[in-house]
Amino acid sequence: MNSLVQLNNVSKRFGSTKALDGITLDIPKGRIVGLVGPNGAGKTTMLLALTGLIDYEGEISILGVEPKKDRPMLMKKTGVIHDIAVLPPWMTVKQVLTFQENIHPGFHRERCEIILKSTEITLNKKVKHLSKGMKTQLHLAVVLTTDTQLLILDEPTHGLDILFRRRLYSSVLEDYFDETKSVLISTHQVEEVEHILTDVIFINHGKIILYESMEKLNERFILLTVADSEAENVRKMNPLTENSHLGRKVFLLEKPDREKIEGLGKVTTPSIVDIFMAIMGGAK
């Protein structure tokens, strides 16, 4: 089975609000997927449904498991970090590691302790005495060193400094990810994960607005920077956005005629944020 995650017409209502609206998508093995959307777009609701924490309409299959029907089996195959790390406050760090070792045969304690040595966390300290950032670091270290086939990260670096945030994503690549696994990341700091993503999903009002590989995304959109004298020629191509920068005009174009833009100006690759702002600006 090549697909790790499958959603078929998944919807969720909270009263009169439709948080998820008929979502259908497929995430194969060996992908790192960014889930991007404004506040209230449905990101967290989608991740809660995927992890079996809320009921939903439609069908979800993760490694052949339906989350709402068999969450214990799902948790054996899936690592999850939500934006608030929940760990037993009365336990010491050492006891947390022992607990994970006893309940999950795929936990690699030595690897986890190596990661923790790069932090200020000591094994004899109780969880309740750790700072918010330290609790998140501990949770991440445990999850990243447990054998699972899907890793779901919901704002995983919330409350962490920039140095640890960078180390985290390096660890995802070096210590966790391979061609048999996939990672789904929801974050507001898209620029920090863009370099590791293979695919991106834009979600708004509970609907998937875009689901594209980074390779195809970079073929589909370009940034064109031109002198003012060429601006009118570019406007005829119906650019998605137009901005000014250092006395020149910068246009975001979708599927442009490469022959027409040749020689007009400088062509660069737009960031996910550039594309997100352009598409979401027109999304209703």
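In this predicted model, strand 11 (residues 241-245) pairs with strand 12 in the antiparallel sense, over five bridges. Across this pair, glutamate 242 stands opposite phenylalanine 251 of strand 12. Two residues lie between the strands in the hairpin of strand 11 and strand 12. Within that hairpin, leucine 246 takes a positive phi near 50°. Strand 12 also pairs with strand 10 (residues 221-226). Strand 10 and strand 12 run antiparallel and are joined by six bridges. In this pairing, valine 226 stands opposite lysine 249 of strand 12. Strand 12 spans residues 248-254, and five of its seven residues are buried. Strand 12 is therefore largely enclosed by the rest of the structure.

Strands of a sheet pair through backbone hydrogen bonds, either parallel or antiparallel.

Strand 1 (residues 3-14) meets strand 2 (residues 17-28) over eight bridges, in the antiparallel sense. Arginine 13 stands opposite lysine 18 of strand 2. The hairpin of strand 1 and strand 2 has two residues between the strands. Here glycine 15 takes a positive phi near 65°. Strand 1 is also paired with strand 4, over five bridges and in the antiparallel sense. Valine 5 has isoleucine 62 of strand 4 as its bridge partner.

Threonine 45 belongs to helix 1 (residues 43-50). Its relative accessibility is 12%, so threonine 45 counts as buried. Beyond its neighbours within four places in sequence, threonine 45 is in contact with Lys12, Phe14, Ala19, Leu20 and Ile54. Of these contacts, Lys12 and Phe14 fall within strand 1 (residues 3-14). Ala19 and Leu20 fall within strand 2 (residues 17-28).

Strand 3 (residues 32-36) and strand 8 (residues 199-204) pair over four bridges in the parallel sense. In this pair, glycine 34 stands opposite valine 200 of strand 8.

Helix packing was examined next. Two packed helices are described by the angle between their axes and the distance between the axes. Helix 3 (residues 93-103) packs with helix 4 (residues 109-117) at an angle of about 150°. The axes of helix 3 and helix 4 are 11 Å apart. Angles over 145 degrees count as roughly antiparallel, and helix 3 and helix 4 are therefore roughly antiparallel to each other. Helix 3 passes helix 4 in a right-handed crossing. On the helix 3 side, the contact is made by Val93, Lys94, Leu97, Thr98 and Glu101. On the helix 4 side, the contact is made by Arg109, Cys112, Glu113 and Leu116. By class, this contact has four nonpolar, one polar and four charged residues.

Alanine 141 lies in helix 5 (residues 132-144). Alanine 141 counts as buried because its relative accessibility is 2%. Apart from neighbours within four places in sequence, alanine 141 is in contact with Cys112, Ile115 and Leu116. Cys112 and Leu116 also take part in the contact of helix 4 with helix 3. Alanine 141 and leucine 240 are 99 residues apart in sequence. In space, alanine 141 and leucine 240 are 41 Å apart, C-alpha to C-alpha.

Methods:
Residues are numbered from 1 along each chain as its sequence is written. This is a predicted model: local features need pLDDT of at least 70, side-chain atom pairs count only at pLDDT 80 or more; totals for chains, interfaces and linings use all residues. Side-chain values use heavy atoms; hydrogens and water are left out. Two strands pair if DSSP finds at least two bridges between them. Axes are lines fitted to C-alpha atoms, for helices over the stretch in contact, and angles run from 0 to 180 degrees between N-to-C directions. Angles under 35 degrees count as roughly parallel, over 145 as roughly antiparallel, 65 to 115 as roughly perpendicular and the rest as oblique. A crossing is left-handed if the near helix is turned anticlockwise from the far one by less than a right angle, and right-handed if clockwise. Contact means heavy atoms within 4.5 Å. Ala, Val, Leu, Ile, Met, Phe, Trp, Tyr, Cys and Pro count as nonpolar, Asp, Glu, Lys and Arg as charged, and the others, Gly among them, as polar. Buried means under 20% relative accessible area, exposed over 50%, partly exposed in between (1.4 Å probe, protein chains only).
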